Structure formats: C-alpha cells, structure tokens
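Open the model in your viewer and keep the selection tool at hand. This tour goes from one selection to the next and says what is found at each stop.

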Amino acid sequence: MINHTRRSILLSTLLSPVAVSAANIDISPEEIERNLDKTPWYGDERIAMLVYPGMTIMDLAGPHCMFGSLMGAKIHIVAKSLSPVTSDAGMVVVPDTTFDSCPKDLTVLFTPGGTDGTLAAASDSETLEFMTDRGARAKYVTSVCSGSLILGAAGLLTGYKATSHWSCRQALAGFGAIPTDARVVRDRNRITGAGVTAGLDFGLTMVAEMRDQIYAECTQLVGEYDPDPPFNAGSLKSAPSDVKRAMIKLLADFSKKAEVLAFPDKTIS
C-alpha cells in the first residue's frame with residue numbers, strides 16, 4: 001500500500017483512473033493497479049552529490065530534481081566543509097555533509113561540472129582523495145558535463161567510455177577514458193552525462209536504473225519534461241556555424257586548460 005507522502009500522492013495521482021481517463025488512455029484500473037504493484041516505489045539509495053566553488057548550478061540542480069523523486073533515498077550534498085558554496089552563476093548551495101561524514105558505501109557518487117571551478121576541484125588533493133575512496137565502492141560512479149574531468153583526475157574513468165561537455169570531451173583521453181559523443185553514456189557502472197541540460201536526461205536514466213521505467217516516466221511527467229526549445233542550437237551538430245564559431249572561441253581558454261590538466265606532459269599550442 002502506498003503511503004500518502006507528497007511524492008507518493010503525485011505519483012499515484014498520475015496513474016489514477018481519473019487521470020488516465022482524462023488523458024484518453026486506453027488502460028483499465030486493474031492494469032493500473034498491477035503497474036503500481038510491480039513498480040518499486042520505495043528504496044534506500046544513498047546518493048552523494050559533490051559541490052564545490054564555481055560549479056555550474058544546472059549540472060547539480062537537474063540531476064538533483066530527478067534524484068529527489070526517489071522515495072526512500074537519502075541525498076547528501078557533500079563538500080569539504082559545511083560552509084556555503086557559491087556556483088559560477090552566483091547561486092549559493094549549503095552542503096549538509098562533509099567528506100569525513102559522508103557514508104563510506106554509496107549507491108551513487110556524483111559530481112557536477114563547470115569551468116575554472118571544475119579544473120580547481122580536479123586539481124585538489126582532498127577532493128580527489130574523497131572521490132577515489134568513495135568511487136572505489138560506489139554502485140554507480142557518475143557525472144554531468146565537465147564533472148567527468150574530476151572523475152578522470154581521480155582515476156575513476158580509466159578504460160571506460162565517458163562523455164562530457166563538448167568543449168572538453170576529448171581531454172578525457174588523457175585520463176585513460178574513451179571520449180564518447182552522446183547525451184548519456186553508460187559503461188558498466190560508470191554513467192556520465194554531456195553538457196549542462198543533459199543532466200535531466202542523465203537523472204531520468206538513473207531513476208530508471210535504480211527503480212524502473214514506469215517510475216522514471218512518472219518522474220518525467222510530474223516534472224513535465226517535454227523539451228521544445230525555441231532554437232535549434234543545442235549541439236555542435238545543429239547549431240548555426242556563426243554560433244559554433246563564437247562559442248568555440250569563447251571557450252577556447254577553458255578547453256586548453258582542460259587539455260593541460262589531462263595531458264600534463266604534452267605541449268599544448
């Protein structure tokens with residue numbers, strides 16, 4: 001029997017006979033109940049989401065929104081200390097867990113990306129020690145955007161396919177990873193998302209992985225995640241040439257720094 005928490009009410013409402021009827025879906029109340037009975041609504045996942053100064057807030061917020069739908073899961077916002085952390089856009093996040101107090105055994109270890117803040121985190125010995133330690137035991141080792149640089153620097157992507165923001169994806173090769181151009185990339189228990197908004201796709205992928213597709217689809221529907229962007233410039237494949245030239249130029253310095261981080265012995269022109 002489903003408890004009447006705020007989340008469960010939302011989810012059960014989505015699959016209620018009234019809602020199904022209103023949406024003109026040809027499914028019986030009995031079948032709805034069978035689906036509800038089969039779906040693992042409650043779990044006990046332990047999810048650690050790294051935060052650090054200069055991270056991109058959407059890299060964190062998108063996956064957090066999806067993880068937050070997991071009834072019974074515990075999400076830890078982890079940093080070196082409990083001091084407020086300021087993102088690259090100025091939004092402040094208050095951690096609730098330190099490296100020392102974070103559970104040793106995690107279901108999900110996650111890191112967001114950014115630009116200079118990410119490069120700093122990927123060069124910080126305490127951060128890398130924490131990621132290496134928890135990543136060695138976590139069921140899933142994950143990232144979004146340039147957060148994969150942190151995983152790589154921690155030695156967690158050697159021999160794995162992985163993705164990142166297009167501006168630094170190829171740098172992953174310097175950490176022994178296999179750069180892969182896709183929105184979400186899974187290689188065994190390493191699951192990485194591409195740039196920024198790919199965190200929503202990544203998050204839904206993770207929800208489906210930890211619960212099931214129905215749960216993930218309910219999460220998608222309650223979040224009304226139905227992308228219909230006003231422009232078709234969201235990737236290097238679709239963006240107009242002048243837009244691509246502008247952004248490649250603007251991010252050239254970051255791309256170079258990422259290459260230097262990943263290939264310290266290589267001369268980068």
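Start with the largest pocket of this predicted model, which holds about 600 Å³ of space. Rolling a probe the size of a water molecule over the atoms shows where empty space is left. Select W166, R183, G234, S235 and L236: of the 21 residues that line the largest pocket, these lie nearest its centre. Next select residues 241-250, helix α10, which gives the largest share of the lining, three residues. If you colour the lining of the largest pocket by residue type, you get eleven nonpolar, five polar and five charged residues.

Now leave the pocket and turn to the sheet. Seven strands form an open sheet, in the order β5-β2-β1-β6-β7-β11-β10, with mixed pairing. Select β5 (97-98) and β10 (184-187) to see the edges: each has a single partner strand, so one side of each is left without a neighbour in the sheet. Strands of a sheet pair through backbone hydrogen bonds, either parallel or antiparallel.

Select residues 46-50, strand β1. Is β1 largely enclosed or open? Four of its five residues are buried, meaning under 20% relative accessible area, so β1 is largely enclosed by the rest of the structure.

β1 and β2 run parallel and are joined by five bridges; look for M49, which stands opposite I77 in β2. Then show helix α4, residues 57-67, as well: β1, α4 and β2 together make a right-handed β-α-β unit.

β1 is also joined to strand β6, residues 108-111, by three bridges, and these two strands run parallel. Here A48 stands opposite L109 in β6. Go on from β6 to strand β7, residues 140-144: four bridges join these parallel strands, and V108 stands opposite Y140 in β7.

The last stop is a set of rings. A pair of aromatic rings is described by the distance of the centres and the angle of the planes. The model has five aromatic pairs. For one of them, select F67 and F110: the ring centres are 6.4 Å apart and the planes stand at 80°, so the pair is edge-to-face. This pair links distant parts of the chain, since F67 is in helix α4 and F110 is in strand β6, 43 residues apart. Both F67 and F110 are buried.

Notes
Residues numbered from 1 in each chain as written. Predicted model: local features only at pLDDT ≥ 70, side-chain atom pairs only at ≥ 80, totals over all residues. Heavy atoms only, no water. 1 Å grid on protein atoms, 1.4 Å probe; cavity = no way out; pocket = protein on both sides within 12 Å on 5 of 7 lines; lining within 4 Å. Points joined across faces, edges and corners; volume = space filled by probe spheres on them. Nonpolar A, V, L, I, M, F, W, Y, C, P; charged D, E, K, R; others polar. Buried < 20%, exposed > 50% of the residue type's maximum accessible area, 1.4 Å probe, protein only. Pairing = 2+ DSSP bridges. Right-handed = clockwise from strand over helix to strand, strands pointing away. Phe/Tyr/Trp six-rings, centres within 6.5 Å; stacked < 30°, edge-to-face > 60°.
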